[in-house]
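Here's a quick briefing to read with the structure open next to you. Take a look at the model first, then work through the notes by topic.

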Amino acid sequence: SHRNFYTIIQERNPQIGCKYGFNFVARGRAFTATTTITFKALHTRSVPPLHKTQLLPTLPTNSLPTRAAVATSAAYQFSSTGPNHHLLFPRPASPGKQGKNRNKGDSRTFYPISISSAATERRRHCCCRLGSAMTAAGMEGGAMILGALLASLLGMLLLYHLFGKSRKRAVVAREAGSSPAKTQNDGEFSPAAGTDVIIVGAGVAGSALAHTLGKDGRRVHVIERDLTEPDRIVGELLQPGGYLKLIELGLQDCVEEIDAQRVLGYALMKDGKSTRLSYPLDKFEEDVAGRSFHNGRFIQRMRGKAATLPNIRLEQGTVTSLLEEDGVIKGVQYKTKDGQELKAYAPLTIVDVPSCFVGLILENCQLPFANHGHVILADPSPILFYPISSTEIRCLVDVPGQKVPSIGNGEMAKYLKNNVAPQLPSELQDAFISAVEKGNIRTMPNRSMPANPQPTPGALLMGDAFNMRHPLTGGGMTVALSDIVVLRDLLKPLRDLRDAASLTQYLESFYTLRKPVASTINTLAGALYKVFSASPDEARKEMREACFDYLSLGGVCSSGPVALLSGLNPRPMSLVLHFFAVAIYGVGRLLLPFPSPKGFWIGARLISSASGIIFPIIKAEGVRQMFFPATVPAVYRPPPLN
């Protein structure tokens with residue numbers, strides 16, 4: 001602060017960050033603002049609203065002290081958490097008090113000026129330089145000349161320092177072989193070609209990771225077995241949390257021009273009853289929602305966007321083996337589309353293998369609740385419906401057991417008509433039977449696999465090659481995209497990936513940093529599948545009924561679990577609290593209005609059953625990494641910058 005000029009910065013709204021650089025000049029009775037942000041006066045008695053590069057009208061005669069003030073500049077380091085920051089300018093004192101208060105900064109009043117910005121960058125520490133130039137009428141000219149010389153000298157030293165460091169970085173980059181030129185030598189993609197990362201598989205995770213690393217300047221070689229449009233029956237529902245990750249990665253346009261449908265929540269149906277669970281999207285932009293689409297169209301859009309970057313090489317080929325030397329993965333051996341055997345080398349190899357219900361497509365029908373996914377609590381297991389285009393609805397029927405009815409001999413069609421169709425809402429039955437009779441029935445194995453990290457120097461597993469969960473909640477792509485954000489942030493400060501031992505040790509933090517989000521979605525998917533599946537056990541029946549009624553209560557009883565499912569609030573403790581709230585709600589239903597010995601017995605078994613569902617899943621995910629990630633030493637390892 002200065003006696004005649006006060007600046008106060010107030011931090012607000014940690015959800016949005018802004019980056020500012022602006023300058024104020026005070027001359028006489030008018031302020032000139034040169035900035036890229038918008039100013040708005042909160043008190044307009046003397047200072048009207050000011051917008052971009054607009055000159056404020058001259059203030060009244062008594063707006064500034066008669067003796068001009070000052071020349072000072074200051075730099076403030078602050079966390080920009082913006083869009084609303086405040087600057088306070090001196091408010092003119094009344095003529096009778098002007099001389100009295102001229103030299104008392106603490107008694108001055110102020111004009112609050114609100115700064116607003118539409119920037120949506122991630123929160124970061126920004127440096128804001130506020131410069132004001134004011135000159136005292138009685139200041140000696142020699143002091144001004146001396147100050148100018150000193151400022152010029154300091155500026156020259158700063159430029160020399162920065163220029164010298166930039167030249168050093170350029171020399172180090174050249175010595176590290178950072179030239180993007182690619183050369184092939186005897187069929188091998190050698191280190192001289194300058195590849196930083198090899199990605200095996202161009203599915204959702206592989207394509208998104210390639211584009212993300214390519215934007216950061218990494219040279220990426222993607223090898224995909226088949227670059228034609230995939231035809232899969234999973235990976236078609238992206239939760240709102242996953243869409244937010246797409247925005248963070250700059251890939252949100254990949255859901256455009258593929259006839260993707262907005263998904264605003266879920267509808268649960270059981271024994272003729274239904275309840276609608278909407279995503280808690282009130283605090284987000286209008287565009288934020290779930291998306292459902294054809295998986296192949298979405299992947300092709302992501303592949304196309306990745307291929308537009310000049311430092312990404314997308315190649316069709318089948319990886320036959322990993323190349324290992326002294327326990328370190330150096331690259332891959334693969335067979336091209338033409339059958340040629342090649343080798344590709346890179347400091348880091350990332351493997352993304354796609355995972356694999358019985359699936360079919362319903363046409364020319366409408367779901368009971370538009371823009372919602374539908375879960376039918378059928379016997380023996382749930383049935384899922386969601387739109388994948390403006391005219392098509394995907395139906396996924398979970399068939400439990402290792403052996404499913406055969407499609408070839410007609411057993412599957414008979415099972416779907418006789419066992420599944422009668423349990424569907426009446427408005428979907430005809431379209432379902434018609435789809436079965438067309439015969440386009442697809443099956444894909446459904447697996448759950450907790451992440452069990454086995455750090456291997458030079459290699460990293462991602463996507464379904466590393467971690468899978470039941471597709472009931474549609475959380476797979478959300479987890480994969482969240483993993484990419486974590487990995488991107490870890491790799492950003494690294495210039496050289498060739499020190500395999502240091503890189504592997506540093507990337508151990510990846511397995512912990514991803515845990516809160518991934519484990520919450522994994523645990524919820526496994527627990528909901530078991531709760532929603534039919535069981536002859538009376539306690540499990542009560543748990544299933546209690547879950548349906550609990551979600552039907554509305555308020556936090558529905559918004560809390562849906563926020564977990566959608567990836568908008570992936571907090572493990574919130575998951576555990578809601579899960580046991582369902583169990584306690586079920587016990588209360590058994591004991592009201594009058595407790596009975598049978599009710600106590602079933603209630604005790606219900607709590608035991610709930611514990612038997614969720615605790616094994618949490619144990620497999622890792623209690624410490626899931627609930628106490630800050631206690632894992634790997635989280636605090638600094639990047640191997642040297």
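Glutamate 437 belongs to helix 7, which covers residues 426-438. In this predicted model, glutamate 437 is exposed, as its relative accessible area is 56%.

- Seven strands make up an open sheet with mixed pairing, and their order is 14-13-21-22-23-20-24.
- At the edges sit strand 14 (273-278) and strand 24 (442-443), and each of these pairs on one side only.
- Strand 13 and strand 21 run parallel and are joined by four bridges.
- One of the residue pairs here is leucine 268 with valine 375, its bridge partner in strand 21.
- Strand 21 then pairs with strand 22 in the antiparallel sense, over three bridges.
- The link between strand 21 and strand 22 is a hairpin that passes through six residues.
- Valine 375 turns up again here, standing opposite leucine 384 in strand 22.
- Isoleucine 376 also has a bridge partner in strand 22, namely isoleucine 383.
- Strand 22 and strand 23 (residues 392-397) are antiparallel too, and five bridges pair them.
- A hairpin of four residues takes the chain from strand 22 to strand 23.
- Within that pairing, proline 387 has isoleucine 393 of strand 23 as its bridge partner.

**How covered are strands 21 and 22?**

- Strand 21 is covered on both faces: Gly373 and Val375 are buried on one side, and His374 and Ile376 are buried on the other.
- Strand 22 (residues 383-387) has five of its five residues buried, so the rest of the structure largely encloses it.

**Histidine 374**

- You'll find histidine 374 in strand 21, which spans residues 373-376.
- Is histidine 374 buried or exposed? Histidine 374 comes out as buried, because its relative accessible area is 1% and the cut-off for buried is under 20%.
- The side chain of histidine 374 reaches the backbone nitrogen of phenylalanine 369 at 3.1 Å.
- Setting aside residues up to four places away in sequence, histidine 374 touches Ala267, Met269, Leu367, Pro368, Phe369, Ile383, Leu384 and Phe385.

- Two bridges pair strand 11 with strand 15 (residues 290-292) in the antiparallel sense.
- For leucine 238, the bridge partner in strand 15 is arginine 291.

**Phenylalanine 510**

- Phenylalanine 510 is part of helix 10, residues 508-513.
- With a relative accessible area of 0%, phenylalanine 510 counts as buried.
- What is phenylalanine 510 in contact with, leaving aside its neighbours within four places in sequence? The contacts of phenylalanine 510 are Leu460, Met462, Phe466, Asp483, Val486, Leu487 and Leu490.
- Take valine 486 from that list: its C-alpha atom and that of phenylalanine 510 are separated by 6.8 Å, and the two residues are 24 residues apart along the chain.

**The largest cavity**

- Rolling a probe the size of a water molecule over the atoms shows where empty space is left.
- The largest cavity has a volume of about 280 Å³.
- Its lining has 21 residues, and Leu524, Leu528, Phe532, Leu551 and Pro561 lie nearest the centre of the cavity.
- Which elements supply at least two residues each of the lining of the largest cavity? They include strand 13 (265-270), helix 11 (515-532), helix 12 (538-552), helix 13 (556-565) and helix 14 (572-591).
- By residue type, the lining of the largest cavity has 19 nonpolar residues, two polar ones and no charged ones.

Conventions
Residues numbered from 1 in each chain as written. Predicted model: local features only at pLDDT ≥ 70, side-chain atom pairs only at ≥ 80, totals over all residues. Heavy atoms only, no water. Pairing = 2+ DSSP bridges. Buried < 20%, exposed > 50% of the residue type's maximum accessible area, 1.4 Å probe, protein only. Contact = heavy atoms within 4.5 Å. 1 Å grid on protein atoms, 1.4 Å probe; cavity = no way out; pocket = protein on both sides within 12 Å on 5 of 7 lines; lining within 4 Å. Points joined across faces, edges and corners; volume = space filled by probe spheres on them. Nonpolar A, V, L, I, M, F, W, Y, C, P; charged D, E, K, R; others polar. Polar contact = N/O pair within 3.5 Å; in protein donor to acceptor, adjacent residues only side chain to side chain.
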